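Reader: I would like to go through the labels given to one model and ask what each of them rests on.

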Amino acid sequence: MGHKYLLLAFCLWALTCLLLPASSNGLVRINLKKRPLDLQSITAAKMARKKSGESVKGIRNYLGSSDEVIVPLKNYLDAQYYGQIGVGTPPQNFTVIFDTGSSNLWVPSSKCFLSIACYIHSKYKSTKSTSYSKIGKSCEINYGSGSISGFFSQDSVEVGDLAVKNQIFIEATREGSLAFLLAKFDGILGLGFQEISVGDAVPVWYNMLWQNLVDDDVFSFWFNRDPNAQVGGEIVFGGVDPKHYKGKHTYVPVTKKGYWQFDMGDFLIGNHSTGICEGGCAAIVDSGTSLLVGPTPVITEINHAIGAEGFVSAECKQVVTQYGDLIWDLLISGVTPNKVCSQIGLCLFSRARSVIQSVVERENMNGSLPGDDLLCTACEMSVIWIQTQLRQKGTKDKVLQYVNELCDSLPSPSAEAVIECEKISNMPDITFTIGEKPFTLTPEQYILRTGEGLSTICISGFMALDVPAPRGPLWILGDVFMGVYHTVFDFGDLQLGFAEAA
């Protein structure tokens, strides 16, 4: 009889373990759901950006000086991976984006009355929580896809089977964008550094560490790129899961706390260097961004290589036609690239920038540009392209013809580039150099598909955005990259690790 009770107790113990949230060896696992890419989202994203030009205007605050309030640049409408948390006692459940590009936690408030988005998402009710503490200080966060405002509160937050106590978060009382209205998530849980936290609120991840809720000060992301899989991915707090990657991780140090920022090396299209990041570029790993975001000259070359549609820049063609030979001769004679356009009179002075500020960005910011300024910008772009081709020993006629073609491939203003699906097999690989090692994306990995059969549409996984020196050139490596490479965020040693995802 004693053996029967022992066996029954063992069975109950085993069943209880199965019912507990997934956690083993000190690792806390959060399953992520994946929202398929769809035309409605793409259209809505364009509408949201067109309405106020946020996706580019936000860069000024996103990468402002240390004396400014730095806020994150996002397009959350495109974010595909999200998971569930609980706020309060008993927990009120919310679907959130786990975002390494911001640092605050916010969810819609029951006191949100004037935003339609609040009525179609879960709302936090402080009166229903026994662990709630009032703060009440007002705040606002300006994201690339819109802004939210509200006030600070404090309560318990459940992440998987972890209970974070006394977490300061934002109750959003206004969500000011179509992006949030159509989003599949309720809020955002930031996993960036406290340096960029609005109101200097302590991030959830910090409290996990300070309250000794995880064994190791590391978290890791695995995104399942199988569109038919039930589990969209997993974020692991407290370590890594060996089943999520192959081989060993390549680690690089975090160069600036705030975002998870590091130094990236050369960028290749096929086997050819673009030259843009040959001397190094800043890069950010951002789980809240779907695409790969980079400087306009590089994205233009990618668009040309993959046949993506762009818009014709008359100024770009004018510069190539009238000044192409002179630009070539000056570069051949040894004039430094950042002085060429001032020497031929298209720029009033040498701006000594390592990345140009795109025509698209300036038009979105100021409405229009003087013709001279447009020609200056077009000249600087042409110099970068010609310099790149010089390294590849191209002849003058072929180089100028190629640069003229690039003018037709300038990225459409703040929009995704559509390409022909049947041409994917002929497109080049794209390679990032990280820690002096190549990290390659194949066309199948950087092209996003939506729809089925004859209605299938293919979209480039790259988007253009220019950040002036000294903070630029800047790359933002979003879900397209993180889906191919398992990523480790090592808070203790301030480093990032990348390995092929399993």
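This is a predicted model: local features need pLDDT of at least 70, side-chain atom pairs count only at pLDDT 80 or more; totals for chains, interfaces and linings use all residues.

Reader: Why is the pair of Trp205 and Phe491 called edge-to-face?

Author: A pair of aromatic rings is described by the distance of the centres and the angle of the planes. The centres of Trp205 and Phe491 are 6.4 Å apart, and pairing requires centres within 6.5 Å, so the two rings count as a pair. Their planes stand at 85 degrees; over 60 is edge-to-face, and therefore the pair gets that name. By this rule the count for the structure is 28 aromatic pairs.

Reader: What makes the pair of Trp205 and Phe491 a tie between separate parts of the sequence?

Author: Trp205 belongs to helix α7, residues 204–210, while Phe491 sits in the loop between β25 and β26. The parts are 286 residues apart in sequence, so the pair ties them together across that separation.

Reader: How do you know whether Trp205 and Phe491 are buried or exposed?

Author: Buried means under 20% relative accessible area. Trp205 has 1%, so Trp205 counts as buried. Phe491 has 19%, which is also under the cut-off, and therefore Phe491 counts as buried too.

Reader: Which aromatic cluster includes Trp205 and Phe491?

Author: One aromatic cluster holds both, and Phe98, Tyr206, Trp260 and Phe489 are among its other members.

Reader: What makes Phe439 and Phe498 an edge-to-face pair?

Author: The ring centres are 6.1 Å apart and the planes are at 70 degrees.

Reader: Why is the contact of Asp241 with Arg29 called a salt bridge?

Author: The N to O distance between the side chains is 2.4 Å, and the cut-off is 4 Å, so the contact qualifies. Asp241 is in the loop between β11 and β12 and Arg29 is in strand β2, 212 residues apart. Asp241 has a relative accessibility of 7% and so counts as buried; Arg29, at 16%, is buried as well. Arg29 and Asp241 are also linked with Glu234 in a network of salt bridges. The structure holds 8 salt bridges.

Reader: Which salt bridges does Lys396 form with Asp325 and Asp329?

Author: With Asp325 the N to O distance is 4.0 Å, and with Asp329 it is 3.6 Å. Lys396 lies in helix α13 and Asp325 in helix α9, so their pair ties together parts 71 residues apart in sequence. Asp329 is likewise in helix α9, 67 residues from Lys396.

Reader: Why are Lys396, Asp325 and Asp329 called partly exposed?

Author: Partly exposed lies between buried, under 20%, and exposed, over 50%. Lys396 has 26%, so Lys396 falls in between.

Key:
Residues are numbered from 1 along each chain as its sequence is written. Side-chain values use heavy atoms; hydrogens and water are left out. Rings of Phe, Tyr and Trp (its six-membered ring) pair if their centres lie within 6.5 Å; planes under 30 degrees apart count as stacked, over 60 as edge-to-face and the rest as tilted. Helices (H or I, at least four residues) and strands (E, at least two) are DSSP runs, numbered from the N terminus. Buried means under 20% relative accessible area, exposed over 50%, partly exposed in between (1.4 Å probe, protein chains only).
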